[in-house]
Amino acid sequence: MADNTASVGWFLPALAGPLLYAVTNHIDKHLLQTYFRQGGVGVLILYSALLSAMALPVVWWADPSVLDVDLHNILILGGVAVLDVLLLWAYLNALAADEPTVVIVFYQLVPVLGLGFGYLLLGETISAAQLAAMAAILAGAALVSFEVEGKRRRFKRHTVGWMALACTCWALETTIFKKVALQENVWRSFFWEHLILAGVGLGIFTLASQYRRRFLHGFRSNSTAVLALNVLNEGLYMTGNLAVAFAAMLAPVALILLMNAFQPFFVLLIGLGLAALLPRLATERIEASHLLRKSVAIGITGVGTYVLLTN
């Protein structure tokens with residue numbers, strides 16, 4: 001009985017993370033399509049960066065010693081915050097032009113790149129099974145890298161290029177963050193990363209007049225809807241992060257990371273639900289051939305992720 005309780009204790013929060021992330025993926029797509037068709041990527045980056053300050057009081061409450069961080073590590077975390085912005089910029093550019101499920105499948109490349117950066121920067125090892133798993137994940141991503149219409153195939157260089165950049169930034173910033181957090185602690189590192197991220201957002205607002213005008217115009221024109229959706233979006237994302245952090249205290253990190261493989265499945269499931277119940281909000285292509293290709297890609301990358309993180 002105790003073992004079952006412990007199992008549910010880590011499994012449900014770990015599963016909540018990718019589910020909440022999947023919801024934010026669809027909210028991002030809705031914001032880009034409905035409110036920010038022109039210059040939307042820059043405006044959403046502004047919202048995300050500025051609203052990251054929402055986490056600061058919570059982190060301060062959790063660890064009042066967050067200011068006691070070495071200056072060298074603060075500068076490194078500043079680089080992590082810049083990588084966060086580049087990651088968001090690349091992800092939103094890909095999402096603006098493609099389906100949420102296709103975009104999120106590419107995120108399964110993050111553990112592949114993370115393992116590579118861990119090998120180069122942290123001296124971690126890569127087994128033969130992990131190399132095979134990395135190849136499987138790449139094969140799964142390749143399935144959604146082409147647009148197939150009849151006998152015509154078109155390489156999605158826009159989506160692939162932006163998501164390659166996004167995955168590289170995510171893997172690199174995760175590796176760097178881990179290196180700093182091992183010297184400080186997670187709360188301190190998280191606090192300074194988000195403080196600097198909010199500062200980057202303030203800098204963009206002050207210096208980038210084009211984004212500032214569109215940000216203010218969108219806020220004035222649809223203030224209630226835009227602000228509510230963005231606050232909801234950031235709140236869900238931070239809640240997902242907290243759920244995953246809680247789960248990581250109850251189970252091995254590899255098991256928690258493995259749960260991220262469910263995110264593309266949740267994105268696809270939500271997309272199908274929207275297509276059936278709220279077709280005006282749907283953005284997924286639901287033709288049989290497209291669904292089959294996306295489903296196979298999710299399956300292959302999921303199996304590859306399992307092998308990668310359990311060997």
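This is a predicted model: local features need pLDDT of at least 70, side-chain atom pairs count only at pLDDT 80 or more; totals for chains, interfaces and linings use all residues.

Q: How are two packed helices described?
A: The angle between their axes and the distance between the axes describe them. Helices are DSSP runs (H or I, at least four residues) and strands likewise (E, at least two), numbered from the N terminus. Axes are lines fitted to C-alpha atoms, for helices over the stretch in contact, with angles from 0 to 180 degrees between N-to-C directions. Here, helix α7 (residues 128-143) and α14 have axes that come within 8 Å and cross at roughly 165°.

Q: Which word describes how α7 and α14 run relative to each other?
A: Angles under 35 degrees count as roughly parallel, over 145 as roughly antiparallel, 65 to 115 as roughly perpendicular and the rest as oblique. α7 and α14 are therefore roughly antiparallel. Their crossing is left-handed (the near helix is turned anticlockwise from the far one by less than a right angle; clockwise would be right-handed).

Q: Which residues of α7 and α14 meet?
A: Contact means heavy atoms within 4.5 Å. Among the residues that meet are Ala133, Ile137 and Gly140 in α7 and Ala297, Ile300 and Gly304 in α14. By class, this contact has 12 nonpolar, five polar and one charged residues. Ala, Val, Leu, Ile, Met, Phe, Trp, Tyr, Cys and Pro count as nonpolar, Asp, Glu, Lys and Arg as charged, and the others, Gly among them, as polar.

Q: How do α13 and α14 cross?
A: The axes of helix α13 (residues 262-277) and helix α14 (residues 288-309) come within 10 Å and cross at roughly 155°. α13 and α14 are therefore roughly antiparallel to each other, and their crossing is left-handed. Pro264, Phe265, Leu268 and Leu272 of α13 make the contact with Leu291, Lys294, Ser295 and Ile298 of α14. Six of the contact residues are nonpolar, one is polar and one is charged.

Q: What is the case for α2 and α9?
A: Helix α2 (residues 40-51) and helix α9 (residues 186-207) have axes that come within 7 Å and cross at roughly 140°. That makes α2 oblique to α9.

Q: How is a cavity told from a pocket?
A: On a 1 Å grid over the protein atoms alone, a cavity is a set of points where a 1.4 Å probe fits but cannot get out, and a pocket is an open set with protein on both sides within 12 Å along at least five of seven lines; lining residues have an atom within 4 Å of a point. Grid points are joined across faces, edges and corners, and a volume is the space filled by probe spheres set on the points. The count comes to one cavity of 30 Å³ or more, and the largest cavity holds about 70 Å³ of space.

Q: What lines the largest cavity?
A: Its lining includes Glu99, Phe146, Lys156, His290 and Arg293. α14 gives the most, with three residues. The lining divides into three nonpolar, one polar and six charged residues.

Q: How much space lies in the second largest pocket, and what lines it?
A: About 230 Å³ lies in the second largest pocket. Of its 14 lining residues, His26, Lys29, His30, Leu274 and Leu281 lie nearest its centre. α1 (2-34) and α13 each supply at least two lining residues, and α1 gives the most, with seven.

Terms used:
Residues are numbered from 1 along each chain as its sequence is written. Side-chain values use heavy atoms; hydrogens and water are left out.
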